[in-house]
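Please look over this model before reading on. My notes follow as numbered points.

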Amino acid sequence: MNNNYEIRLDNIKLMHETMLAMNNEDAYMAWIWEMPDCPTEGDFAWFAEDEEKYMELYNYFVKLLRRYAKDGLYKPSESVRDFVLNFGIEIEIIN
């Protein structure tokens, strides 16, 4: 696989971890309209293999992140925290 695939795959996993850490379960419920609940490596790979599918998922993620940012992130991992901060969206980190 190429480098772009690996970057997309890493980002998809971080997007999913972010939705798991959102301090509003409605964010996750909305997320699983696009990403399967309890996704497998194959599910992540399916989105990462196609740039168009990836961009649709990415844009949906950003939309949800903006919508639910007011509720914050609950105990996110350091990698999720760093990932989310790159979007420039004000979000509370609840530890």
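**Notes on the model**

1. Start with a backbone point. Lys75 sits in the loop that joins strand S1 (73–74) to helix H5. The model is a predicted one. Lys75 is not a glycine, yet its phi is positive, near 50°. Most residues other than glycine have a negative phi.

2. Cys38 lies in the loop between H2 and helix H3 (41–49). Is Cys38 buried or exposed? Exposed: its relative accessible area is 62%, and the cut-off is over 50%.

3. Next, the length of H1. The helix has 19 residues, and at 1.5 Å a residue they should span 27 Å. The end C-alpha atoms of H1 are 27 Å apart, so the two agree.

4. What does H1 bury, and against what? The buried residues are Tyr5, Arg8, Leu9, Asn11, Ile12, Leu14, Met15, His16, Thr18, Met19 and Ala21. They pack against H2, H3, helix H4 (51–68), S1 and H5.

5. The packing of H1 on H5 deserves a look. Two packed helices are described by the angle between their axes and the distance between the axes. Here the axes of H1 and H5 (residues 78–85) come within 9 Å and cross at roughly 100°. H1 is therefore roughly perpendicular to H5, as the angle falls in the range 65 to 115 degrees.

6. Which residues make up that contact? From H1 come Asn11, Leu14, Met15, Glu17 and Thr18. They meet Ser79, Val80, Phe83 and Val84 of H5. Sorted by class, the H1–H5 contact has 5 nonpolar, 3 polar and 1 charged residues.

7. Ala21 is in helix H1. Ala21 counts as buried because its relative accessibility is 9%, against a cut-off of under 20%. Setting aside neighbours within four places in sequence, Ala21 contacts Gly72, Leu73, Tyr74 and Pro76. Ala21 and Ala69 are 48 residues apart in sequence, and their C-alpha atoms are 11 Å apart in space.

8. Last, Asn24. This residue lies in the loop between helix H1 (3–21) and helix H2 (25–31). Beyond its neighbours within four places in sequence, Asn24 is in contact with Tyr68 and Asp71. With Asp71 there is a polar contact, side chain to side chain, at 2.8 Å.

Terms used
Residues numbered from 1 in each chain as written. Predicted model: local features only at pLDDT ≥ 70, side-chain atom pairs only at ≥ 80, totals over all residues. Heavy atoms only, no water. Helix = DSSP H or I, 4+ residues; strand = E, 2+ residues; numbered from the N terminus. Polar contact = N/O pair within 3.5 Å; in protein donor to acceptor, adjacent residues only side chain to side chain. Contact = heavy atoms within 4.5 Å. Axes fitted to C-alpha atoms, helices over the stretch in contact; angles between N-to-C directions. Parallel < 35°, antiparallel > 145°, perpendicular 65-115°, else oblique. Nonpolar A, V, L, I, M, F, W, Y, C, P; charged D, E, K, R; others polar. Buried < 20%, exposed > 50% of the residue type's maximum accessible area, 1.4 Å probe, protein only. Expected span 1.5 Å × (residues − 1).
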